[in-house]
Amino acid sequence: MSKSTAWNRIATSLALVALLSLTPLAAHGVEYLELTDLHLIDGTGASTRHVDRLIARDGVIVSIDDAATVPTPEADARWTRIGLHGAWVIPGLIDTHVHVARFPDTRGHAATILQQAVRGGVTGVRDLVGDARALADLERAIAAKELIGPELVYSALFGGADIFKEGPIVQMTSDRAPGEMPWSRRIDASSDLRLLVAEAKGTGARNIKLYGDLTPALASALIGESRRQGLLTTAHATVFPARPSDLVTAGIGSLAHAPYLVWEAADVVPTDYRKRTDGPWRTIAPDHPKLQALYRRMAEQGVSLDATLYVYEAMNSYPGLPKMDWTEPALAWGAKATQLAHEAGVMVTTGTDWFEPRDDNELPHTHAELALLVERAGFTPMQALLAATRNGAIALGLQATHGTLE
């Protein structure tokens, strides 16, 4: 069986379960779903096994074969039984790096992308920054079951003055002054981080993203205040001039973009975040001693790596962009760094940065990220699936309800 066929067969089984679990509950009472004759990858790291019967009550698994007792249904319950004839069932995929609310017709376009995600088996996403007004409304609609979509964890972005002068951050919300929104904030050493982080939290954001133009001291202060207020934290692996080790020492939760780890071993880190595309990928090896030390420190402190290999592979075919020669060495270097980090014990997740399918018939690009982890970063298929399920749920703080089938 070809790789694409295998992924599509897994996605078909997965999407069936995802859609049924997210369908609005009937008004008449409790819903039971019984799946029979399936191969289960439960997301815990256990081997694949055959399951005769899996039962869920109102979307919560209550029995897998002899594990737990089959409940007696309530008088008004509805019981749906589906025979899968040996199909594969896995936890919903989680993409830890998406941007769904950055387009014209923001709310409508984002809703379409999220609905496509569920059809492709993605049941959790971390949006690493878009218009929080649209994202908050989508989160509410999904929670209220007005819209079928994945669990949505969205972010507020913080950075220095330079990142708000041009580029996608400026274009994100054209009706407001760049850097002056509670979900997209320009900061410096004089900023009241306690207030600004509280305002970001008030938008419904559960994650703070550090983007660029941040000194080690300012990045550390922001990470500390975000954690104090109970928020998750994510940063580009280098935020110029702050290095990866500065972020790890400060307690960052996850680092995004494996190729940007290269700056850990550079003699000098530029202050201009736009230099991130000029990484020394041809002169600094991914197994440089400073990088090996970084991988070990990340593993010790539980810092996850949102590798985003797919975006570097796909950037040369991104609509409206010219060919960018730097992406090829960045991908090769980032893939090897991801492999070495994984071998050192770093928890790798599947993030794409270019999530949305190109058309209605294409799967979310999360599936392509899975394939790249196997083909370019040395993961086994099971290790890649764990990155996309259990690891993603942990990174998003959703491990109590997502990431495994238990």
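Guide: This is a predicted model. To start with the strands, β2 and β3 run antiparallel and are joined by 4 bridges.

Visitor: Which residue is the bridge partner of Arg57 in β3?

Guide: Arg57 has Val60 as its bridge partner there.

Visitor: How many residues lie between β2 and β3 in the hairpin?

Guide: The hairpin has 2 residues between its strands. Asp58 sits in that turn, with a positive phi of about 50°.

Visitor: What order do the strands of the open sheet come in?

Guide: The order is β3-β2-β1-β4, 4 strands with mixed pairing. The edges are β3 (60–64) and β4 (78–89). Each of these has a single partner strand, so one side of each is left without a neighbour in the sheet. From one strand to the next, the twist averages 25°.

Visitor: Do β1 and β4 run parallel or antiparallel?

Guide: β1 and β4 run parallel, with 9 bridges joining them. Leu33, for instance, stands opposite Thr80 in β4.

Visitor: Switching to charges. How many salt bridges does a search of the whole structure find?

Guide: The search finds 21. One of them is between the side chains of Glu34 and Arg53, at 3.5 Å from N to O. That pair links distant parts of the chain, with Glu34 in strand β1 (residues 31–40) and Arg53 in strand β2 (residues 49–57), 19 residues apart.

Visitor: Is Glu34 buried or exposed?

Guide: Glu34 is buried, at a relative accessible area of 3%. Arg53 is partly exposed, at 31%.

Visitor: What about Arg133, what does its side chain meet in a salt bridge?

Guide: The partner is Asp131, with 2.8 Å from N to O. Asp131 counts as buried at 7% relative accessibility, while Arg133 counts as partly exposed at 34%.

Visitor: And which residue forms a salt bridge with Asp162?

Guide: Lys165 does, with the closest N and O atoms 3.0 Å apart. Lys165 counts as exposed, at 58% relative accessibility.

Visitor: Which residues do salt bridges that share partners join into one network?

Guide: The network consists of Arg107, Asp137, Arg140 and Glu146.

Visitor: On to helices. What should the 12 residues of α3 span, and what do they span?

Guide: Helix α3 (residues 132–143) should span 16 Å at 1.5 Å a residue, and its end C-alpha atoms are 16 Å apart, so the two agree.

Visitor: Which residues in α3 are buried?

Guide: They are Ala132, Ala134, Leu135, Leu138, Ala141 and Ile142. An α-helix has 3.6 residues a turn, so residues three or four places apart point the same way.

Visitor: What covers the buried residues of α3?

Guide: The cover includes α2 (106–119), β6 (122–127) and β7 (151–159). Just after α3, Lys145 takes a positive phi of about 60°.

Visitor: How many of the 17 residues of α10 are buried?

Guide: The count is 12 of the 17, so α10 is largely enclosed by the rest of the structure. The buried residues include Pro329, Leu331, Trp333, Gln339 and Leu340. Elements covering them include α8, β13 (304–306), α9, β14 (348–349) and α11 (366–375).

Visitor: What about the span of α10?

Guide: At 1.5 Å a residue, α10 should span 24 Å, and its end C-alpha atoms are 24 Å apart, which agrees. Just after α10, Gly345 has a positive phi of about 105°.

Visitor: Last topic, rings. What does the count of aromatic pairs come to?

Guide: The count comes to 7 aromatic pairs. One of them is Trp281 with Trp326, which are stacked at 6.0 Å centre to centre and 20° between the planes. Planes under 30 degrees apart count as stacked, which is why this pair qualifies.

Visitor: Where do Trp281 and Trp326 sit in the chain?

Guide: Trp281 is in the loop between β12 (254–256) and α8 (289–301), and Trp326 is in the loop between α9 (309–314) and α10 (327–343). The two are 45 residues apart, so the pair links distant parts of the chain.

Visitor: Is Trp281 buried or exposed?

Guide: Trp281 is buried, with a relative accessible area of 8%.

Visitor: Which residues form the aromatic cluster?

Guide: Tyr260, Trp281, Tyr312 and Trp326 form one cluster.

Note on methods
Residues are numbered from 1 along each chain as its sequence is written. This is a predicted model: local features need pLDDT of at least 70, side-chain atom pairs count only at pLDDT 80 or more; totals for chains, interfaces and linings use all residues. Side-chain values use heavy atoms; hydrogens and water are left out. Rings of Phe, Tyr and Trp (its six-membered ring) pair if their centres lie within 6.5 Å; planes under 30 degrees apart count as stacked, over 60 as edge-to-face and the rest as tilted. Buried means under 20% relative accessible area, exposed over 50%, partly exposed in between (1.4 Å probe, protein chains only). A salt bridge is a side-chain nitrogen of Lys or Arg within 4 Å of a carboxyl oxygen of Asp or Glu. The expected span of a helix is 1.5 Å times one less than its number of residues. Contact means heavy atoms within 4.5 Å. Two strands pair if DSSP finds at least two bridges between them. Axes are lines fitted to C-alpha atoms, for helices over the stretch in contact, and angles run from 0 to 180 degrees between N-to-C directions.
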